[in-house]
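Welcome, and please open your viewer. We will walk through this model one selection at a time.

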Amino acid sequence: MSSLDAFARGALAELDAASLRRRLVATERGPEASAARDGRSLVSFSCNDYLGLSHDPRVIAAANEAQVRWGTGAGASRLVTGNHPPLIALEERLAAHKGKEAALVFGSGYLANLGIVSALAGTGDLILVDALGHSCLFAGGKLSGAELLRFRHNDLAHLEVLLARHRGKARRAMILTERVFSMDGDRAPLAEILALAEAHDAWVLVDDAHGLGVVEPGARAPLEMGTLSKTLGAYGGYLCASQAVIDLLTSRARSFVYTTGLPPAAAAAALAALDIVETEPERAARPLALARRFTARLGLREAQSPIVPIVVGETETALALSDALQARGFLVVAIRPPTVPAGTARLRVAFSAAHSEAQVEALAVALSELRPPVAA
Ligand SMILES: Cc1ncc(COP(=O)(O)O)c(C=O)c1O
């Protein structure tokens, strides 16, 4: 066996021993939160398609028209010949939606954070990240070469201590957090973080991947990034900011400059979805309302977003619970370390406007019958 394969097999054995090996499962997603696995039809509570827009006929038609007119691929990076009309229109609309001067679309949310953070910070700078921040916030921070420190989740006092201790030595400082935390569903105290940032001259980036269109935004950060892949039902990432920042990133964000532009269909789909977000407020309010109905029904802490975690602790418990739910027709994927901290494996229940009240009730009944050791 080659040393490469020996390495891979050894690492896989370790993952297996800790129940942390991940496997791809073929999943056929359909409309109305349906998802088939192994030929079995399930109701999915694990998609981030919060408004069901990835299967909306208007969004699909927009994607189809765009690819018929402009082709299936962008053909080159944005700075060469890949800056097609749907991307330009989408950026204008995203900026207006967020009340910012300009926007820049990236290949994905992950790529956006890599590029934004590493272009704005570097050696001699300080980056403070919420401890429960997404992997790509940490990856961007590491790539930048700045000093990277984590503050305890949503802990303003800790953030202030770190700023007081480290800000003075740093040339520039950034604070990275999320509007809605992806695995916990809770929200950052953004107004307070912005006030602290102002006092210490730090730049705040808020990752709005799970907030756009489904929660009241509240305070806006100078750097509002997000993804087109969740509520907007498409694919890609974006940053909304001042014109100067967007112009700088257009030249300096390497994950923007050195990669092909998004396909026209993805940009057109996101644009059509944004229209629906803006013109159908009752649809946008529905996932949070369903999440709150669910948390009230199960006696959990009131949902702050369409994401409700049911923390069970051990990985094996979360996997067993997920299997038991699947046997009852529900797809609720178990989330394990390192996606979440060790000892906090969980079911992550994500609500969508596409769910019916009856489906939510049925999941609540199934969960109470399975009696998970629920930690609210
Ligand atoms: C908080 C957060 N940021 C960024 C991303 C990455 O976005 P994308 O899927 O567009 O790469 C995700 C999820 O995928 C996320 O949950």
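Begin in the loop between helix 7 (190-199) and strand 8, where you will find D201. Helices (H or I, at least four residues) and strands (E, at least two) are DSSP runs, numbered from the N terminus. Before going on, note that residues are numbered from 1 along each chain as its sequence is written. The model is predicted: local features need pLDDT of at least 70 and side-chain atom pairs count only at pLDDT 80 or more, while totals for chains, interfaces and linings use all residues.

Back at D201, phi is positive, about 45°, although the residue is not a glycine. Is D201 buried or exposed? D201 counts as exposed because it has 11 C-beta neighbours inside 10 Å. The cut-offs are 20 or more other C-beta atoms within 10 Å for buried, 12 or fewer for exposed, and partly exposed in between, with C-beta atoms placed from the backbone.

Next, select D38, in the loop between strand 2 (34-37) and strand 3 (40-44). D38 is not a glycine and has a positive phi, near 50°; with 9 other C-beta atoms within 10 Å, D38 is exposed.

Seven strands form an open sheet with mixed pairing, in the order 4-10-9-8-7-5-6; two strands pair if DSSP finds at least two bridges between them. Strand 4 (102-106) and strand 6 (147-151) stand at the edges with a single partner strand each, so one side of each has no neighbour in the sheet. Further in, strand 7 (residues 173-178) and strand 8 (residues 203-207) run parallel and are joined by five bridges.

Follow D207 to N113, which is in contact with D207 and, leaving aside neighbours within four places in sequence, with C136, L137, G140 and M225. Contact requires C-beta atoms, placed from the backbone, within 7 Å. N113 is found in helix 4 (residues 109-120) and counts as buried, because it has 30 C-beta neighbours inside 10 Å.

Then select the ligand. Of the 13 residues around the ligand, S108, G109, S182, A209 and T227 come nearest; near means a C-beta atom, placed from the backbone, within 6 Å.

For a last stop, go to P338, in the loop between strand 13 (334-335) and strand 14 (345-350). The peptide bond from P337 to P338 is cis, with omega near 5°.

Note on methods: Contact = placed C-beta atoms within 7 Å.
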